[in-house]
Amino acid sequence: MGASMDIEKTQSQHFVIEGRNAVLEAFRSGKTIDKLFALDGCQDGPVRTIVREAKKQGTVISFVSKERLDQMSETRKHQGVIAHAAAYEYATVDEILRRAEDRGEPPFLILLDGIEDPHNLGAIIRTANLAGAHGVVIPKRRAAGLTATVAKASAGALNYTPVAKVTNLSAVMKELKERGIWFVCADMDGEVMYRQNLTGPIGLVIGNEGEGVGRLVKENCDLTASIPMRGDIDSLNASVAAGVLAWEVVRQRLNH
């Protein structure tokens, strides 16, 4: 097995989790939460549910003022709760493939070529989870990593969807091809997605917000697929494009 596939598990930096959905899903997924900060006197139902989960798991809870939460917040949208959590651990590509094998499903991976906006990354991880993808693969360089903003944007999906960080995306794709996976690249000049066969073991490749999929990565793709558009502008946000294409994969799998 090549070095690019057999990377060691690494951890992102220690960070906070913010927002009701993200914090609640972190607790429910069994993630290690070191401390919960909740808005003092808050009677909001979701916040009270989070506090109950924290008590159930023996997490240290501090009730603090809104001003204190605002000072601690990285996203500026804490919704009354902030959790100090153990760092998110990156998976390996092999672990993602084992996840598919354990489910008895053909692998479905989403590969991101230089997604730099953490909100887009979080939204794509959320999409990957809901579309039944087995994991997300991101490059180490010139791309967003796992941060508090990504965790919040994923609405808790980061607790359930493995993310692998690799040195060379093209090299990983070559190795995965040898294991029977083929790749479809999102590209405005590609064949309309409804005319493509997107069943079987597949890697969906989404490119950078401004430049799209890079040349070397595109050369390793078997197909290019476009999303039919009827408006006055010619491109979609990267996370929206990922969602549209991922659900076309879902649709074809259901009908296959």
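**Ground rules.** I number residues from 1 along each chain as its sequence is written, and side-chain values use heavy atoms, leaving out hydrogens and water. Because the model is predicted, local features need pLDDT of at least 70 and side-chain atom pairs count only at pLDDT 80 or more, while totals for chains, interfaces and linings use all residues.

**Entry one: α1 and α2.** I looked up helix α1 (residues 20–28) and helix α2 (residues 45–56), whose axes come within 10 Å and cross at roughly 25°. That makes α1 roughly parallel to α2 (angles under 35 degrees count as such). Helices here are DSSP runs of H or I, at least four residues, and strands are runs of E, at least two. I noted the crossing as left-handed. On the α1 side, the contact (heavy atoms within 4.5 Å) is made by Arg20, Val23, Leu24, Phe27 and Arg28. From α2 come Pro46, Val47, Thr49, Ile50, Glu53 and Ala54. I sorted these contact residues into 7 nonpolar, 1 polar and 3 charged.

Most residues other than glycine have a negative phi. So I wondered: which phi does Gln79 have? I found a positive phi of about 60°. Gln79 sits in the loop between α3 (66–72) and β4 (81–85), and counts as partly exposed at 40% relative accessibility (buried is under 20%, exposed over 50%, partly exposed in between, with a 1.4 Å probe and protein chains only).

Arg142 also has a positive phi, of about 50°, although it is not a glycine. I found Arg142 in the loop between β6 (135–139) and α6 (148–153), where Arg142 is exposed, with a relative accessible area of 68%.

Definitions and conventions. Axes are lines fitted to C-alpha atoms, for helices over the stretch in contact, and angles run from 0 to 180 degrees between N-to-C directions. Angles under 35 degrees count as roughly parallel, over 145 as roughly antiparallel, 65 to 115 as roughly perpendicular and the rest as oblique. A crossing is left-handed if the near helix is turned anticlockwise from the far one by less than a right angle, and right-handed if clockwise. Ala, Val, Leu, Ile, Met, Phe, Trp, Tyr, Cys and Pro count as nonpolar, Asp, Glu, Lys and Arg as charged, and the others, Gly among them, as polar.
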